[in-house]
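This report goes from one residue to the whole protein and then to two further residues. Please look at the model before reading on.

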Amino acid sequence: MDDFLRVMNSDRYQYTESNVFLKEKMEEKIATFDMFFRKVEGNAFAVVSGVSDVLELIDIMNNTDKEKKRKYLSKVIHEEDLVDYLVDMEFTGSIKGLRDGEIAYPNEPVLTVTAPLIQAKILETPILNILNHQMAVATKTSRVTRAAKGIPVSAFGSRRAHGFDSAVKGSKAAYIAGCDSHSNLVAEYLYGIKSIGTMAHSYVQSFGVGEKAEYEAFDLFIKYNKAENHTLILLIDTYNTLEMGLKNAIKAFKKNGIDDNYKGGYGIRLDSGDLAYLSKKCRQELDKAGLKNARIALTNSLDEYLIRSLLDQGAEVNLFGVGDSIAVSKDNPCFGGVYKIVEIDGKRLIKLSNDIVKISNPGNKDVYRLFEDGFAVADLIVLSEKDSDTEKILEGNELVIVDENNRFNSYKFKKGSYTYEKITLDFITDGKKTADFDELMNVENSKKHYENRLEHLLKGHKRLENPHNYMVDLSMDLYHLKSTLIKKIKNQMEKLED
């Protein structure tokens with residue numbers, strides 16, 4: 001598939017609307033759109049992933065040959081003037097937002113696009129397609145890995161992912177958001193993050209049925225892989241875990257000289273049955289055989305709740321392999337991010353709704369994160385230009401933040417008692433990448449950023465269930481702007497009723 005089709009991975013209406021903009025000579029109006037989400041699984045936080053892939057679209061848009069653009073666009077768009085405009089179009093706008101690996105909360109702008117109207121408009125579906133998928137995977141991964149309490153988790157879900165991009169980009173998102181490893185070869189090729197694997201039941205069955213076949217499968221697997229110091233994990237539940245698989249594994253390890261001195265790492269995998277009980281019995285037998293460093297990997301439709309249950313039961317485990325729960329964010333597959341216009345030619349815009357959660361926040365905005373004693377305690381959404389609360393933050397003055405939906409609920413930051421960080425970063429300005437773009441897009445850097453952010457969250461904010469409410473509030477200026485626009489529309493409706 002040609003890369004330019006990724007830019008065109010859109011809904012028809014964005015191009016239909018763009019044709020109107022072009023005919024009405026609105027194409028050069030400067031529009032600002034926010035990508036954000038309204039809620040998240042567990043009422044906690046989300047993990048950002050996919051920003052780097054969104055920004056790759058800009059390179060594709062700007063660097064694709066014009067004749068190639070025309071070839072694709074003319075097949076599906078029949079307004080010649082619009083095709084001509086799109087063929088010549090390059091992205092000249094700006095993109096800012098939260099970096100990959102950032103922790104984000106509902107209603108915060110994850111990504112903000114400011115550009116001539118058609119440029120910003122046609123990016124809507126590609127942006128949402130990328131971010132909704134990867135943030136769903138990353139957010140679920142964060143929940144799963146936090147449940148594992150430091151025990152490594154590997155993302156094993158490529159076969160359950162929804163297609164090529166889902167498998168590859170999902171593996172990357174899972175790695176950023178806490179997985180120690182993954183199984184996808186293309187993710188290793190593209191991002192340099194090492195893939196790992198064990199073996200399948202079909203491998204064991206390829207040697208026949210029963211004890212001798214299973215032993216031969218283990219013996220040959222070890223023989224042909226130990227020279228490279230590969231990790232040797234044997235799947236022992238094809239026939240009988242304790243009476244056959246475990247005994248054959250111990251025998252094969254010993255015959256091939258694999259013991260606690262082996263540099264590559266070795267062990268067994270359990271994929272069925274009572275994993276807590278079986279893991280403890282296997283640990284006893286492995287230790288009795290002198291294989292105390294043998295690792296035990298547990299798989300079989302695991303999620304954060306099953307992992308927590310296994311640990312509560314005292315399961316002996318050195319690695320969790322998690323498949324579809326991560327790969328498709330099985331419990332919460334639709335992330336629900338949206339892309340809303342908030343400003344055009346400097347005029348702040350708002351969307352109202354009968355559902356209060358769907359009322360948008362107007363204007364071009366930034367997000368500041370506020371810390372007390374080194375821990376993040378609140379995020380403040382401010383207007384990007386001349387916001388009085390921003391000035392207070394930058395000067396370290398006393399700051400009062402107030403819950404938008406409950407004005408009696410407020411929190412006071414005393415002068416000198418807090419630190420701050422502007423977590424909205426510039427990625428592209430006037431069509432050009434910023435100086436630190438490559439460093440921000442590096443997968444390993446994104447992973448480290450996520451881990452650092454997690455360390456600076458209070459325990460209550462990291463609970464999987466009923467987490468302590470993290471404050472995300474609007475600056476006073478933004479709140480008053482929003483209230484003024486709502487009141488203006490309300491007054492107009494009242495006049496219509498008269």
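## Ala161

Ala161 is buried, because its relative accessible area is 14%; buried means under 20%, exposed over 50% and partly exposed in between, with a 1.4 Å probe and protein chains only. The residue sits in the loop that joins strand E6 (153–155) to helix H8 (164–176). Helices (H or I, at least four residues) and strands (E, at least two) are DSSP runs, numbered from the N terminus.

Leaving aside residues up to four places away in sequence, Ala161 touches Ser166, Ala167, Ala327 and Val328, where contact means heavy atoms within 4.5 Å. Between Ala161 and Val367 the C-alpha to C-alpha distance is 33 Å, and in sequence they are 206 residues apart.

## Basis of the model

The model is predicted: local features need pLDDT of at least 70, side-chain atom pairs count only at pLDDT 80 or more, and totals for chains, interfaces and linings use all residues. Residues are numbered from 1 along each chain as its sequence is written, and side-chain values use heavy atoms, with hydrogens and water left out.

## The whole protein

The protein contains 19 helices and 21 strands. Along the principal axes, its C-alpha atoms fill a box of roughly 85 × 60 × 45 Å. Of the 498 residues, 53% are buried. Among contacts with a separation of 6 or more, 73% are between residues 24 or more positions apart.

The accessible surface is about 23500 Å², and carbon and sulfur atoms account for 49% of that surface. Accessible areas come from the Shrake-Rupley method with a 1.4 Å probe; for residues, only the protein chains shown count as cover.

## Two residues with positive phi

Asp345 is not a glycine, yet it has a positive phi of about 50 degrees. Asp345 lies in the loop between strand E12 (338–344) and strand E13 (347–348). With a relative accessible area of 46%, Asp345 is partly exposed.

Asn466 is not a glycine either, and its phi is positive at about 50 degrees. Its loop runs between helix H18 (443–455) and strand E21 (471–474). Asn466 counts as exposed because its relative accessibility is 67%.
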